[in-house]
Amino acid sequence: MQLKSWLKANNIKQRDFAVLIGTTDSQISRICCGQTVGSPKIIHLINKATNGQVSACDIHAGYMEAHKPVWARQAQHATPIENHPEGSPSPEILELAQALARVLA
């Protein structure tokens, strides 16, 4: 679970959580929005304070998602080529798309 989600689910403000684990509210804010992962000590304190519900893997996943290239974020929402509104693609384009999909899988 992401820290931001955990805080919201438990109705805890970032500032209050920061005081609880002994860091700054700006540090917690940066972790919540994926700007940083924090030090190993902070990650451990977050994990402990959330009873393991927010793990180091969760924090790193949030960071990686926030730092994904724009094209990678947009690719998740791309229309499959078979459903393209302009009709069927040429066999060459379809073959190229399938080859690319195999490489990226």
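L104 has a relative accessibility of 67% and therefore counts as exposed, where exposed means over 50% relative accessible area, buried under 20% and partly exposed in between, with a 1.4 Å probe and protein chains only. The model is a predicted one, in which local features need pLDDT of at least 70, side-chain atom pairs count only at pLDDT 80 or more, and totals for chains, interfaces and linings use all residues. Residues are numbered from 1 along each chain as its sequence is written, and side-chain values use heavy atoms, with hydrogens and water left out.

L104 belongs to helix α7, residues 91-104; helices are DSSP runs of H or I with at least four residues, numbered from the N terminus.

The loop between α4 and α5 holds T50. T50 counts as buried because its relative accessibility is 0%. Its side chain reaches the backbone oxygen of I46 at 2.9 Å. Setting aside neighbours within four places in sequence, T50 is in contact with W6 and F17, contact meaning heavy atoms within 4.5 Å.

Q53 also lies in the loop between α4 (40-49) and α5 (56-66). With 44% relative accessibility, Q53 counts as partly exposed. Residues up to four places away in sequence not counted, Q53 touches M1, W6 and D58. Q53 and W6 are 47 residues apart along the chain, and their C-alpha atoms are separated by 7.7 Å.

How values were computed:
Helices (H or I, at least four residues) and strands (E, at least two) are DSSP runs, numbered from the N terminus. A polar contact is a pair of N or O atoms within 3.5 Å; within protein, one must be able to donate a hydrogen and the other to accept it, and residues adjacent in sequence count only if both atoms are side-chain atoms.
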